[in-house]
Amino acid sequence: MNESLTLPVVWYEGLARYQQRGIAHVLATVVAVNGSAPRALQAKMIITQDGIVDTLGGGGLEHDVVNTARQLLNGEIAATVSKEVKPKVSETDSESASVPSKAVRRDAVYTKHYPLGAKLAQCCGGSVTVMFECFNVTPPMSVLVFGAGHVASALMTILAELPCQVDWVDSRPEMFERYLVDKTSIHKLGQIDTSYQNSELHNQTAEPQSALSKSKLYNLPAHIRPHIDDEPVDFVRPFIEQGGQRFILVMTHDHSVDFELVRAALDTISDTSSSRDKCSDISEPYIGCISSATKAKRFRDRLIQRGYSEQLVNQLVMPIGLQVGGKEPMAVAVSIVAQLLQQYHQAAL
């Protein structure tokens, strides 16, 4: 998926984007400089699994910084690392090539000292120390929301402020009209803030040559992606099969659609149960459906009658949300998000 219409160029743009979207990244900062070095103190760059933003000076130094950052993201650097012994300033000239780079772990912060000599194919003669700060190493919540009614709208107000990835699906275009950017602004793409979400560009089924002409820009945070689709069931299986912690919220305007979405989720869980033993990335998703006690009983009875096991049906959370009281849309949304966060953080322990 394309991340946006424009890519970040400077480190603070990348930091803001990746923090907002919950994408794993490392902020690398020059925290000490001795002698001559490519960049000054406090120079920064951002490294993700497949990209970089800004620079610490290029060459062998930056190559090692990028590799180290990605090792940290992948958990390839051990938690117990020998403590760093920094050379004196007088030792950073001709002897620098023989001084190995060392990494130090202090909780989630790492530092690494780089003599800028022959070992890095750089002839600056000085040395730098780089601090690595890892963010969002634990994947953010991935939430698939069906329905764009009052509760879902309140839900987006809360999710807009959390590090998560949200796909928001409804078959009714009019439900998203309130979020559309003014048409006069659409013709000025270069002036539109990058926080606006282009739903067509995030739709992998859209034709590339017609994406811009058919695009609709929504005044939503970039991590909330609206989808208008007459076949919402098609979103269920690909979403679950991506692996990681997955949360499905069913709250459409049609109980029959709710039922089919729940069935699709349970079918996918059943089909992937054998694969889960082989692939640790596929975990049990949260499947929640908004309902009254009567609707919940009716759904469970129908599922059992159709041959679903009680064990599988019991994975359905219905009604959803913590029992905190209050029936206003925002009160219900708060109870739902509280339950998601509770399960998300418990699973991350």
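Helix α2 is followed by glycine 75, whose phi is positive, near 70°. Helices here are DSSP runs of H or I with at least four residues, and strands are runs of E with at least two; both are numbered from the N terminus. The structure is a predicted model, in which local features need pLDDT of at least 70, side-chain atom pairs count only at pLDDT 80 or more, and totals for chains, interfaces and linings use all residues. Residues are numbered from 1 along each chain as its sequence is written, and side-chain values use heavy atoms, with hydrogens and water left out.

Helix α2 spans residues 59-73, 15 residues in total. From first to last C-alpha it reaches 22 Å, close to the 21 Å expected at 1.5 Å a residue; the expected span is 1.5 Å times one less than the number of residues. Its buried residues (under 20% relative accessible area, 1.4 Å probe, protein chains only) are Leu61, Glu62, Val65, Val66, Thr68, Ala69, Leu72 and Leu73. Viewed down the axis of α2, they fall within an arc of 165°, so they line one face of the helix. The arc is that of the directions from the helix axis to the C-beta atoms. These residues pack against β1 (25-34), β2 (44-47), β3 (52-53), β5 (109-115) and β6 (127-135).

Helix α3 (residues 150-159) is mostly covered, with seven of its ten residues buried. These are Val151, Ala152, Ser153, Ala154, Leu155, Met156 and Leu159.

The pLDDT, the predictor's confidence in each residue from 0 to 100, has a mean of 79 over the protein chain. It reaches 70 or more for 73% of the residues.

Terms used: Buried < 20%, exposed > 50% of the residue type's maximum accessible area, 1.4 Å probe, protein only. Contact = heavy atoms within 4.5 Å.
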